[in-house]
Amino acid sequence: MSHVSGIHFLQIPGPTNVPERVLRAIDRATIDHRGPEFQRLSLEIACLLHPVFGARGPIVIYPSSGSGAWEAALVNTLSPGDRVLMAETGQFATLWSRIATRLGLDLDMIPGDWRHGADPDAIGERLAADTAHAIKAVAIVHNETSTAVTSRVAEVRAAIDRAGHPALLMVDTISSLGSIEYRHDDWGVDVTVAGSQKGLMLPPGLAFNAISEKALAASRTARLPRSYWAWDDMLESTRTGWFPYTPATNMLYGLREALHMLDEEGLANVYARHARHGEATRRAVQGWGLELVALDPREYSNSLTAISVPEGFDADALRATILERFNMSLGTGLGKLKGRVFRIGHLGSFNDLMLAGTLCGVQMGLDIAGIPHGDGVTPALAQLTNPAPALALSR
């Protein structure tokens, strides 16, 4: 059959489902990006973005994937040979470290088991030992999409401060922004990296850098080559509502609509919804008798869940079965987790009934694949049918 009835369940951890309101906002005639209508659009987006990042300072928007925002964070603040301290928390932390190496930076990687977040104590120890202040930046992933482990950014900041070290703090929030509480200013982050295709409920194509005053000061003396990624041109233009090159106009229409949706729901409600879905999914995993990749409950992700299949079974074969039988896509295991792990995305435009259907699909897939399991759906539904906690009123 070439036609499959019903909707496709896109339950990968990004790109996520794009809500109808955002699709309709993108589906507009292109306008003059040097005209007054575009300027109003750009300035409105700037106002709406700041609460989502928890930032009062400048936020740069690039027509790019998140990888571009990784590179922008590094090239605007560092010079050839500068040392960058990173933590090996999973595939995306590893990919960011490769960019740093290719740019000619000196990488100091704290090894990890891919089951824990960035270790604040280990970072503090490295910085305390660096009395010459050769380390110029600490770069970590807030929510590691390959492992469903969330690093404790505020504790990392505290460890840097205890060491009395001047290194910049850079944080990747690509799979946490708009899903898990994040505070750029309060947590003392210098550069926050983000992308459009996850909690912001957009297609891929936009990337972001939120920038502190300390990072701006570093950019004035940084010597890594940069042109497209340069903050100075972007900041000069966006301050008045323009871009130094042709912007992704229709994506910006979608971004404005997505930000309005987050504002209408209220960010506290958004974070509480993701927390409920994360907990319900973890209860399902416990009921199935399967194992989470994340080991520390303090680091459980509320935007996705990564699950190990038992020895002797292939996670990708399970995913293929579920896709073929139930038209549902789940995330694959990445890097050294390939074939051993599948990932359930429960972030962005998502509700209780969608999660219930997703978990039922996984349980039916486990049946068909012959993977031994218990009943995970029942405890998950019990979590979802409990009265939701009192939530903050939307503005």
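H133 lies in the loop between α5 and β5. Helices (H or I, at least four residues) and strands (E, at least two) are DSSP runs, numbered from the N terminus. The model is predicted, so local features need pLDDT of at least 70 and side-chain atom pairs count only at pLDDT 80 or more, while totals for chains, interfaces and linings use all residues. Residues are numbered from 1 along each chain as its sequence is written, and side-chain values use heavy atoms, with hydrogens and water left out.

H133 has a positive phi, near 55°, in a residue other than glycine. H133 is partly exposed, with a relative accessible area of 30%. Here buried means under 20% relative accessible area, exposed means over 50%, and partly exposed is in between (1.4 Å probe, protein chains only). W114 also has a positive phi, of about 65°, although W114 is not a glycine. The loop between β4 (106-110) and α5 (120-129) holds W114. W114 is buried, with a relative accessible area of 4%. Another backbone feature is a cis peptide bond between G14 and P15, with omega about 0°. P15 is found in the loop between β1 (9-11) and α1 (20-26).

An open sheet of seven strands runs in the order β2-β10-β9-β8-β5-β3-β4, with mixed pairing. Two strands pair if DSSP finds at least two bridges between them. The edges are β2 (59-63) and β4, each with a single partner strand, so one side of each is left without a neighbour in the sheet. Neighbouring strands of this sheet are turned by 20° against each other on average, direction ignored. Helix α2 (residues 36-53) packs on the sheet and touches β2, β9 and β10 (206-211). The direction of α2 makes about 110° with that of β2. Axes are lines fitted to C-alpha atoms, for helices over the stretch in contact, and angles run from 0 to 180 degrees between N-to-C directions. Contact means heavy atoms within 4.5 Å.

Within this sheet, strand β8 (residues 168-172) has five of its five residues buried, so β8 is largely enclosed by the rest of the structure. L168, M170 and D172 point one way from β8, and L169 and V171 point the other way. In a regular strand the side chains alternate between the two faces of the sheet. Strand β5 (residues 135-141) runs parallel to β8 and is joined to it by five bridges. A139 stands opposite M170 in β8, and V141 stands opposite D172. Three bridges join β8 to strand β9 (residues 191-195), and these two strands also run parallel. The bridge partner of V171 in β9 is T192.

The largest nonpolar core has 86 residues. Such a core is a set of buried Ala, Val, Leu, Ile, Met, Phe, Trp, Tyr and Cys residues joined through side-chain atoms within 4.5 Å. I123, M170, F208 and L255 have the most contacts inside the largest core. Helix α9 (residues 249-265) gives the most to this core, with eight residues. I123 touches L85, I110, A118, V138, I140, V156 and I160, not counting residues up to four places away in sequence. A second, separate core of 24 residues includes W288, L290, F342 and L366.

A second open sheet has five strands in the order β1-β13-β14-β12-β11, with mixed pairing. Here β1 and β11 (291-292) stand at the edges, each with a single partner strand, so one side of each is left without a neighbour in the sheet. Strand β13 (residues 328-332) pairs with strand β14 (residues 341-345) in the antiparallel sense over two bridges. The bridge partner of G331 in β14 is R343. Helix α11 (residues 315-326) packs on the sheet, touching β13 and β14. The direction of α11 makes about 165° with that of β13.

The axes of helix α12 (residues 352-369) and helix α13 (residues 377-385) come within 10 Å and cross at roughly 175°. That makes α12 roughly antiparallel to α13. Angles under 35 degrees count as roughly parallel, over 145 as roughly antiparallel, 65 to 115 as roughly perpendicular and the rest as oblique. D352, L355, A356, L359, C360 and Q363 in α12 meet V377, A380, L381 and L384 in α13. By class, this contact has eight nonpolar, one polar and one charged residues. Ala, Val, Leu, Ile, Met, Phe, Trp, Tyr, Cys and Pro count as nonpolar, Asp, Glu, Lys and Arg as charged, and the others, Gly among them, as polar.
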